[in-house]
Amino acid sequence: MFNIISVDVRSRHGGDFIYDFSNGFDTWLLLLVHTRSVFRIDGEDRVFPADSLVLFKPEMPIYYRACGDLYSDDWLHFRCSENDINETLVPLGLPIRTPLPEQCRELFHLLTVENYLDNEYKNHTVNALIHALIHKLIEAYHLSATSQKHSDLMELRKEIYKYPGEKWTLATMAAKVFLSESHLQSMYKKTFNVSCINDVINARIQLAKSLLSYTDYTISYISKSCGYNSSQHFFRQFNKMAGCSPNEYRKSFRM
């Protein structure tokens, strides 16, 4: 069960605002930060975007400050039962940008209203509202992680098409995006609708077609430039993808 200790919305401070409690509080603290702000994470001051949610557990060091002429947030100090928050699911002390800031603001507003009411449903309503905010934090965290992985995959694909002749293996590709090989294969196929290995082949054949069309390099040279140690392997894959041999492709293009 959650219990509100204190809550406020739309608090505003000037550019010199600093909130520094090295020993934290004996309560949980949940913030919805409306402005770009600086938070200290593992001893390093980092800038985080507006509309970020951040949760601190009791006795956790807290340091944040303004990053500009204004700092504004909604905040909530609360206590809860031991099993109300699963710390393995919730990022603690790390601001996470929420894609639904207006919904979170409304939840904070409702909590301030409930804090001044006194009726038989108050505890149930407060419990539901704080649960909703924590779920919004978890949701934002997972969306952020997914978004970052999507960005990493995009960068990997750009590198594959820029340097198709490199020795691309599942192991090297997985290491670049910090995923297991099986997870990489699953995410890559889901994101680009093609397997990562087949995309490497596509990139290599695309380069081969360009070299065959606009240069006089030998087939052997083109094969090696596209990452093939065996000319026979190159011939087989080119024929499968293009429907003709490299020589036939060059001849038909120039005709």
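Leu53 stands opposite Ile96 in β9. This is a predicted model. The pair belongs to the contact between strand β6 (residues 52-56) and β9, which run antiparallel over 2 bridges.

**Five-stranded sheet**
- The strand order is β1-β8-β3-β6-β9, with antiparallel pairing throughout an open sheet of 5 strands.
- β1 (2-14) and β9 (96-97) are the edge strands, and each pairs on one side only.
- Helix α1 packs on this sheet and touches β1, β3 (28-33), β6 and β8 (70-80).
- The direction of α1 makes about 120 degrees with that of β1.
- Helix α2 (residues 122-162) lies across β1, β3, β6, β8 and β9.
- α2 runs at about 60 degrees to β1.

**Four-stranded sheet**
- Here 4 strands form an open, antiparallel sheet in the order β2-β7-β4-β5.
- From one strand to the next, the twist averages 20 degrees.
- β4 (residues 37-41) pairs with β5 in the antiparallel sense, over 5 bridges.
- Within this sheet, Ile41 stands opposite Glu44 in β5.

**Thr112 in helix α1**
- Thr112 sits in α1, which spans residues 101-115.
- Thr112 counts as buried because its relative accessibility is 12%, and the cut-off for buried is under 20%.
- The Thr112 side chain reaches the backbone oxygen of His109 at 2.5 Å.
- Beyond neighbours within four places in sequence, Thr112 is in contact with Val7, Asp8 and Val9.

Conventions. Residues are numbered from 1 along each chain as its sequence is written. This is a predicted model: local features need pLDDT of at least 70, side-chain atom pairs count only at pLDDT 80 or more; totals for chains, interfaces and linings use all residues. Side-chain values use heavy atoms; hydrogens and water are left out. Buried means under 20% relative accessible area, exposed over 50%, partly exposed in between (1.4 Å probe, protein chains only). A polar contact is a pair of N or O atoms within 3.5 Å; within protein, one must be able to donate a hydrogen and the other to accept it, and residues adjacent in sequence count only if both atoms are side-chain atoms. Contact means heavy atoms within 4.5 Å. Two strands pair if DSSP finds at least two bridges between them. Axes are lines fitted to C-alpha atoms, for helices over the stretch in contact, and angles run from 0 to 180 degrees between N-to-C directions.
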